[in-house]
2 protein chains.
Amino acid sequence: MKGGSIEIGEVSKNASPGRGVAKGLSIMDFVLRILAAAATLGSALAMGTNDETLPFATQFIRFSAEFDDLPSFVFFVLANSVVCGYLVLSLVLSVFHIVRSSAVKSRIFLIALDTLRVNAVKVMLGLVIAAASAATSIVYIAHGGNVGANWFAICQQYNDFCQRSSGSLIGSYIAAALLIILIILSVVAVSRN
Amino acid sequence: MKGGSIEIGEVSKNASPGRGVAKGLSIMDFVLRILAAAATLGSALAMGTNDETLPFATQFIRFSAEFDDLPSFVFFVLANSVVCGYLVLSLVLSVFHIVRSSAVKSRIFLIALDTLRVNAVKVMLGLVIAAASAATSIVYIAHGGNVGANWFAICQQYNDFCQRSSGSLIGSYIAAALLIILIILSVVAVSRN
């Protein structure tokens, strides 16, 4: 299969429609990576700067909520930062991808590189989903509380804190959706080779 | 690459060492799937039958904790059940894999099937990790409580409930580790073709 495609690739090197589609896929890949990086950056920043101190206090206690009180939120910030960092670094390779059509040296090397990139994105998707689901279960309790466990909904008091947490979840889920599209695109791009 | 391997496959059909390794990989795959299915089944059952009623009550309230009070635990049970179901169903294909060496008809079809199986396991891994991390963040709060949010550690009261929840997490993490080994094995098996 792959052996056959080397010849096909060599033959179609001068056929412009195929190269146009490949370039289009590369540019979409590039744009999706920027959007996903922005979404994870937004999530990490929104959650990482999330703290609220209530405007009243007793003699001994100040009521304040900070994201690093909750390990799930810390994991959320770390995971989104890692994914954002990876996506920004991978943009370099994406640029190389877009301009490569004129400079194909070793097709096997490029296929190996693409496969590596797809798998890296899959790992990043796993990380984002794990972080988002851990944070979601906390945000859910913060909103609704839990009767059995006697955990109160803290969103009535810590209103800003809750809204910011919920908002940053949305960014993370958008990033997950973008990464899924990115994986599908990569599969299409690899199977075209 | 793949084109070349078809000939190699044809040539080595009568060479027993290569086929022995392939058969070994298939059997390991089979055993790992059974173990992972058992781990997820154990997790799902341990969590799904998890409820505790405290031996005292007020006139209006009976103190009881059930897994379906917490949506994260419900997600955990569902995800582990789905993964267990998939693994059990996939055992049929694994048996086919072990006996296939004598009945190779279409190698391309088998490669496509293997690729599909690897990707299915990756999706299952994502599901298990998402469910485990959601449940972990709840179990963590149940054990330690959270001072900022005024959520109490409920494990002092609901001792059995907590121990069962924590135990079922372990099963899920073991399943995740087994699935990762399964993916690595599959990659090795596919790259040998």
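Visitor: What does Leu93(B) count as at 30% relative accessibility?
Guide: This is a predicted model, and in it Leu93(B) is placed in helix 3, residues 71-100, of chain B. Buried would mean under 20% relative accessible area and exposed would mean over 50%. Because its value of 30% falls in between, Leu93(B) counts as partly exposed.

Visitor: What is the area of the nonpolar surface patch made by Leu93(B), Val95(B), Phe96(B) and Val99(B)?
Guide: Leu93(B), which lies in helix 3 of chain B, is one of the residues that make this patch.

Visitor: How many of the residues of chain A, as a percentage, count as buried?
Guide: Chain A exposes about 9,900 Å², and carbon and sulfur atoms supply 71% of that area. A residue counts as buried when its relative accessible area is under 20%. Of the 193 residues of chain A, the share that counts as buried is 42%.

Visitor: Where does Ser43(A) lie?
Guide: With a relative accessible area of 1%, Ser43(A) is buried, because buried means under 20%. If residues up to four places away in sequence are not counted, Ser43(A) touches Phe76(A), Asn80(A), Ser168(A), Gly171(A) and Ser172(A). The element of chain A that holds Ser43(A), covering residues 16-48, is helix 2.

Visitor: How many residues apart in sequence are the parts that the pair of Phe73(A) and Phe161(A) ties together?
Guide: The structure holds 3 aromatic pairs over all chains. One of them is formed by Phe73(A) and Phe161(A), a tilted pair with 6.3 Å centre to centre and 45° between the planes. Phe73(A) lies in helix 3 (residues 71-100) of chain A and Phe161(A) in helix 5 (residues 159-192) of chain A, so the distance along the sequence that the pair bridges is 88 residues.

Visitor: Are Phe73(A) and Phe161(A) buried or exposed?
Guide: Phe73(A) has a relative accessibility of 2%, and Phe161(A) has a relative accessibility of 3%. Because buried means under 20%, Phe73(A) and Phe161(A) both count as buried.

Visitor: What is the angle between the planes of Trp151(A) and Trp151(B)?
Guide: This pair crosses between chains, from Trp151(A) in the loop between helix 4 and helix 5 of chain A to Trp151(B) in the loop between helix 4 and helix 5 of chain B. Trp151(A) is buried, with a relative accessible area of 2%, and Trp151(B) is buried with a relative accessible area of 2%. The pair is tilted, with 6.3 Å centre to centre, and the angle between its planes is 40°.

Visitor: Which relation does the rotation that superposes chain A on chain B have?
Guide: A rotation of 180° superposes chain A on chain B with an RMSD of 0.0 Å, and the shift along its axis is 0.0 Å. Such a rotation without a shift therefore has the relation of a two-fold axis.

Conventions
Residues numbered from 1 in each chain as written. Chains lettered and ligands numbered in written order. Predicted model: local features only at pLDDT ≥ 70, side-chain atom pairs only at ≥ 80, totals over all residues. Heavy atoms only, no water. Patch = residues over 30% accessible without salt bridge, like charges linked within 9 Å, V, L, I, M, F, W, Y side chains within 5 Å. Areas by Shrake-Rupley, 256 points an atom, 1.4 Å probe, with all protein chains shown as cover. Salt bridge = Lys/Arg side-chain N within 4 Å of Asp/Glu carboxyl O. Helix = DSSP H or I, 4+ residues; strand = E, 2+ residues; numbered from the N terminus. Buried < 20%, exposed > 50% of the residue type's maximum accessible area, 1.4 Å probe, protein only. Least-squares fit on C-alpha atoms with pLDDT ≥ 70 in both. Phe/Tyr/Trp six-rings, centres within 6.5 Å; stacked < 30°, edge-to-face > 60°. Contact = heavy atoms within 4.5 Å.
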